[in-house]
Amino acid sequence: MSGTILTQTRPLTCAPSRAARELGLRRREFDLAVHLGRIRTVPDEGGGGRRVPRTEIDRLLTRTDSLRESVKAAGTAESAALMGIPAARFTRFARLGLITPVTWYPNRYRAVVWLYLAQELRQFTADERNTRLLTGRTPEELRELLRTGVDRRPRNWRGRHRGFLLRQADGPWARAGAVAAFLEPGEIDHLLTDPHERAYVRTLRPAPPVHGVPGSPAAQLAEELMTADEPDEIDWLRSELTQAVTAARAAGPAPHPEPRTPAPAPRTSAPAPQPPGPAPGTPGPATRPPHPVRPRASRGLRDWLYKALKSPSWTTETSSRPSRS
């Protein structure tokens with residue numbers, strides 16, 4: 001007796017949500033691992049976003065503990081405790097750009113809460129060159145910068161996020177879109193004079209990290225943090241976008257949109273066919289003339305005529321008027 005054995009083939013890729021469950025990571029940890037390049041993803045052939053190769057999951061299953069530790073992020077208070085310094089000193093370090101945030105989220109008061117990699121904080125503390133900053137008095141030149149209100153946390157985060165977007169970009173035009181994501185639309189229009197290139201780069205601009213529905217205060221805050229606001233940073237991004245577009249042109253022109261074809265007119269029911277009329281110059285069918293309408297006599301005259309016809313004395317004259325004898 002012969003039988004049929006059915007084997008279920010394992011998919012080559014899986015969705016990020018399933019990959020996070022198999023690796024034992026929370027979704028925020030998984031996304032951060034992807035941003036940092038710890039987990040490799042590939043574009044979905046169906047256009048549904050990024051997917052994780054099955055081989056990548058198999059490679060990481062034996063090192064999930066180290067993977068989780070490498071993406072551990074901490075806020076200001078926890079970061080200061082990890083470094084053994086007061087929270088105020090840690091905030092000064094972050095504002096001066098000595099420590100770069102890895103991500104952020106808005107709290108209920110719509111204030112930005114910056115998060116830092118615990119692994120990088122330990123490395124900063126272990127570096128002997130930073131011992132004087134951790135224990136001694138802050139140098140005068142750094143205190144002068146703090147008095148001017150310097151805060152390099154948004155700029156440093158943008159630089160880190162730009163590196164993530166460039167790693168995820170598929171093709172030279174997508175790289176140009178990744179750079180354009182940090183410039184205002186007016187800056188893009190000023191640099192790209194070709195309307196097709198300008199429209200194509202705009203469509204390839206990645207959106208800011210999702211922290212609320214479109215138009216909400218959290219979404220507006222994400223848009224502000226994503227956009228460069230310092231003159232030297234804007235100039236540098238303009239130069240980088242120009243170079244990226246030049247490289248994209250060398251690889252191939254920006255695709256032009258296909259011309260729109262007019263929609264077919266809606267079909268309507270045809271009117272009922274009418275019998276053909278006579279050809280020009282041909283007499284139509286003969287019509288019967290209407291019967292002449294005879295005047296009706298009044299009732300009194302009609303009775304009088306009836307009696308007169310019955311009477312023997314009725315005679316006919318040549319006159320048109322009847323008479324009685």
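These legends accompany close-up views of strands and their pairing in a predicted model. Local features need pLDDT of at least 70 and side-chain atom pairs count only at pLDDT 80 or more, while totals for chains, interfaces and linings use all residues. Residues are numbered from 1 along each chain as its sequence is written, and side-chain values use heavy atoms, with hydrogens and water left out.

View 1. Strands are DSSP runs of E with at least two residues, numbered from the N terminus.

**View 2. The hairpin of β5 and β6.** Strand β5 (residues 103–106) runs antiparallel to β6, and 4 bridges join them. Find Y105 and you will see its bridge partner in β6, V113. The hairpin has 5 residues between its strands, and R110 in the turn shows a positive phi of about 65 degrees.

**View 3. Strand β4 beside β6.** Strand β4 (residues 73–74) is joined to β6 by 2 bridges, and the two run antiparallel; two strands pair if DSSP finds at least two bridges between them. A74 has Y116 as its bridge partner in β6.

**View 4. The open sheet β1-β3-β2.** These 3 strands pair in antiparallel fashion, in the order β1-β3-β2. The edges belong to β1 (13–14) and β2 (42–43), each with a single partner strand, so one side of each is left without a neighbour in the sheet. Between β2 and β3 (residues 50–53) there are 2 bridges, and V42 stands opposite R51 in β3.
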